[in-house]
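The sequence and the model come first, and the description follows.

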Amino acid sequence: MWELRSASFWRAIFAEFFATLFYVFFGLGASLRWAPGPVHVLQVAVAFGLALATLAQAVGHVSGAHVNPAVTFAFLVGSQMSLLRALCYIVAQLLGAVAGAAVLYSVTPAAVRGNLALNTLHPGVSVGQATIVEIFLTLQFVLCIFATFDERRNGRLGSVALAIGGSLTLGHLFGMYYTGAGMNPARSFAPAILTRNFSNHWVYWVGPIIGGTLGGLLYDFLLFPRIKSVSERLTILKGTRSNDSEGQPEVTGEPVELKTQAL
């Protein structure tokens, strides 16, 4: 529980709330239909990708810019952050998403709001098919995040922010036609709670959580194994810390990306 007394911990929690608020505000805002006809898929995909890339650049060094419960859960399963931090991140992300959607709702004309870009399944796509699509979309996204954030890589190529923004854009370019491209339970939750429409909502939790977990495990245990003992993993998950030889506290429960991300 020492994290609760850490100013950097609470800054990270606020950063996740703040970043998710803006992510949802700009992403959903770009998805609204202001004129007759369908919304252009490329517009929505680029908007979400640029929003995430911008926020990763802005707060990535503060919290890691997860902005997504599925990403946070993947880092938790990979023993790269404490359980307490992960729970606080997810709560902050959900609250931030609802706040962002509420602000968007309040500043948008009633005739334009519609369902507030609620994620829905394309006609003809079953819930099983939709879940598989969400798994694949989030798997590639989290795999990209783990690879770009990895402090063990020598000579990272390009910008981390643009890499994950591009991965999110790719997911939207494909997934918009199937499920609306959830890839983020917080993004899906916000319009659902404001419009009180939870039809097939579980798909947008189960798919991303499974996909994110698989992406993290695939990278950390198969593609580029991260060797840690069981005791080391438990230490990180519990958020405990040990003292080094000089008596200075060593943080063992912080997400890896907070220490190493170079945007």
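What volume does the largest pocket have? The largest pocket has a volume of about 590 Å³. The model is a predicted one, in which local features need pLDDT of at least 70 and side-chain atom pairs count only at pLDDT 80 or more, while totals for chains, interfaces and linings use all residues. Residues are numbered from 1 along each chain as its sequence is written, and side-chain values use heavy atoms, with hydrogens and water left out.

**Overall make-up**

The chain has eleven helices and two strands, taken as DSSP runs numbered from the N terminus (helices are H or I with at least four residues, strands are E with at least two). Along the sequence their order is α-α-α-α-α-α-α-α-α-α-β-β-α. Of the 263 residues in the chain, 51% are buried; buried means under 20% relative accessible area, exposed over 50%, and partly exposed in between, with a 1.4 Å probe and protein chains only.

**The largest pocket**

A pocket is an open set of points on a 1 Å grid over the protein atoms alone, with protein on both sides within 12 Å along at least five of seven lines, where a 1.4 Å probe fits; lining residues have an atom within 4 Å of a point. A volume is the space filled by probe spheres set on the points, which are joined across faces, edges and corners.

The lining of the largest pocket consists of 23 residues, and S31, R33, V39, L118 and M176 lie nearest the centre. Helix 2 (41-63) and helix 5 (110-113) each supply at least two lining residues, and helix 2 gives the most, with three. Sorted by class, twelve lining residues are nonpolar, eight are polar and three are charged. Here Ala, Val, Leu, Ile, Met, Phe, Trp, Tyr, Cys and Pro count as nonpolar, Asp, Glu, Lys and Arg as charged, and the others, Gly among them, as polar.

**Aromatic rings**

There are twelve aromatic pairs in the structure. Rings of Phe, Tyr and Trp (its six-membered ring) pair if their centres lie within 6.5 Å; planes under 30 degrees apart count as stacked, over 60 as edge-to-face and the rest as tilted. Two of the pairs are set out below.

| Pair | Centre to centre | Angle between planes | Type |
|---|---|---|---|
| F25 and F26 | 5.3 Å | 90 degrees | edge-to-face |
| F75 and F146 | 4.6 Å | 25 degrees | stacked |

Ring pairs link F25 and F26 with F14, F17, F18 and F22 in a cluster.

Two arginines lie over ring faces: R113 over Y105, at 4.0 Å from the ring centre, and R152 over F224, at 4.1 Å. The rule requires NZ of Lys or CZ of Arg within 6 Å of the ring centre and within 35 degrees of the ring normal.

C88 is buried at 18% relative accessible area, and C144 is buried at 19%.

I145 belongs to helix 6 and is buried, with 5% relative accessibility. I145 and H66 are 79 residues apart in sequence, and their C-alpha atoms are 9.2 Å apart in space.
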